[in-house]
Each structure stands twice: as C-alpha cells, then as structure tokens.
Amino acid sequence: MHSKYAKYLLLDSDNNTYSELVTPDKLIELKPSIISMASNHHSLYIATESEVYSINLAKMQDVELAVQLQHLHFISHLNANNDKLAISFLTANTQNNIELYTKKSAE
C-alpha cells in the first residue's frame, strides 16, 4: 500500500494489521513518477511511464530496474501474481497518436 504521505505500508490481511516499510532513497525519488504498483509474496513492482522497478519485500533496500519499455510505449497498469508480472501498456504511433485498439487484418 502506498500512502500519500510518502510511506509504504505492508498490509497483513490475515491479521488486518499494517507495518511501515523503510523507504529507500530511490523509491522516494521515483514517487512523483509512479503510475502503478503491484506485489506478490516476495517483490514489490513499481511502474513509471516506461520503466518497471522491483524491490525485494524482505529487505526493502535495493530498487532494481526490472523492465525498460521501448520508445513510444507507455505503462498504464501492473499486475503481479505468483511469479508472473503482467504489464498493460499503450503504444503510440507517433508522439501525438496513441493506439488504443489494434484490428487484425483479414488473411
């Protein structure tokens, strides 16, 4: 859980309790650029416009670049489940044209 007060909280849904995670400097630096966040049992994933960073939840120290999208691809949402990370993104044909749907041509 990411709060608007620059704190990252870990929710234990079994006990319905929160604990504050120590926030690494890199995460504080990324905070204004965060588009989406997701986590699984061992990692927290943070997406900016075109990058996904990962942090080990046990240590909560090293922020590592996990994915860098190509030019004109923009992340809209993340979803983490078990060992899989799903990234939803938009593709722009040019800087002023974003492709929302792609129609398959008849073959």
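## A walk through a predicted chain

What you have open is a predicted model, in which local features need pLDDT of at least 70 and side-chain atom pairs count only at pLDDT 80 or more, while totals for chains, interfaces and linings use all residues. Residues are numbered from 1 along each chain as its sequence is written, and side-chain values use heavy atoms, with hydrogens and water left out.

**Stop 1: the cores.** Buried residues make up 29% of the 107 residues in the chain; buried means under 20% relative accessible area, exposed over 50%, and partly exposed in between (1.4 Å probe, protein chains only). Now select Tyr-8, Leu-21, Leu-27, Leu-30, Ile-34, Leu-44, Ile-46, Tyr-53, Ile-55, Leu-57, Met-60 and Val-63: these twelve residues form the largest nonpolar core. Such a core is a set of buried Ala, Val, Leu, Ile, Met, Phe, Trp, Tyr and Cys residues joined through side-chain atoms within 4.5 Å. Helix α1 (25-30) and strands β4 (43-47) and β5 (51-56) each supply at least two of its residues. Next, pick out Ala-38, Tyr-45, Ala-47 and Ile-75, which are among the eight residues of a second, separate core. In soluble globular proteins, nonpolar side chains tend to be buried together.

**Stop 2: Leu-57 and a pocket.** Centre on Leu-57 and show its contacts (heavy atoms within 4.5 Å). Leaving out residues up to four places away in sequence, Leu-57 touches Leu-21, Asn-40, His-41, His-42, Ser-43 and Leu-44. Leu-57 also lines the second largest pocket, together with Leu-10, Leu-11, Ser-39, Asn-40 and His-41. A pocket here is an open set of points on a 1 Å grid over the protein atoms alone, where a 1.4 Å probe fits, with protein on both sides within 12 Å along at least five of seven lines; lining residues have an atom within 4 Å of a point. The lining has three nonpolar, three polar and no charged residues, with Ala, Val, Leu, Ile, Met, Phe, Trp, Tyr, Cys and Pro counted as nonpolar, Asp, Glu, Lys and Arg as charged, and the others, Gly among them, as polar.

Stop 3: Lys-26 is partly exposed at 31% relative accessibility, whereas Glu-29 is exposed at 55%.

Stop 4: Move to Ser-19 in strand β2 (residues 17-21). Beyond its neighbours within four places in sequence, Ser-19 contacts Tyr-8, Leu-9 and Leu-10. Then go to Gln-61, in the loop between β5 and β6 (63-68). Gln-61 and Val-22 are 39 residues apart in sequence, yet their C-alpha atoms are 7.9 Å apart. Finish at His-73 in strand β7 (residues 73-81). Is His-73 buried or exposed? With a relative accessible area of 17%, His-73 is buried.

Technical notes. Helices (H or I, at least four residues) and strands (E, at least two) are DSSP runs, numbered from the N terminus.
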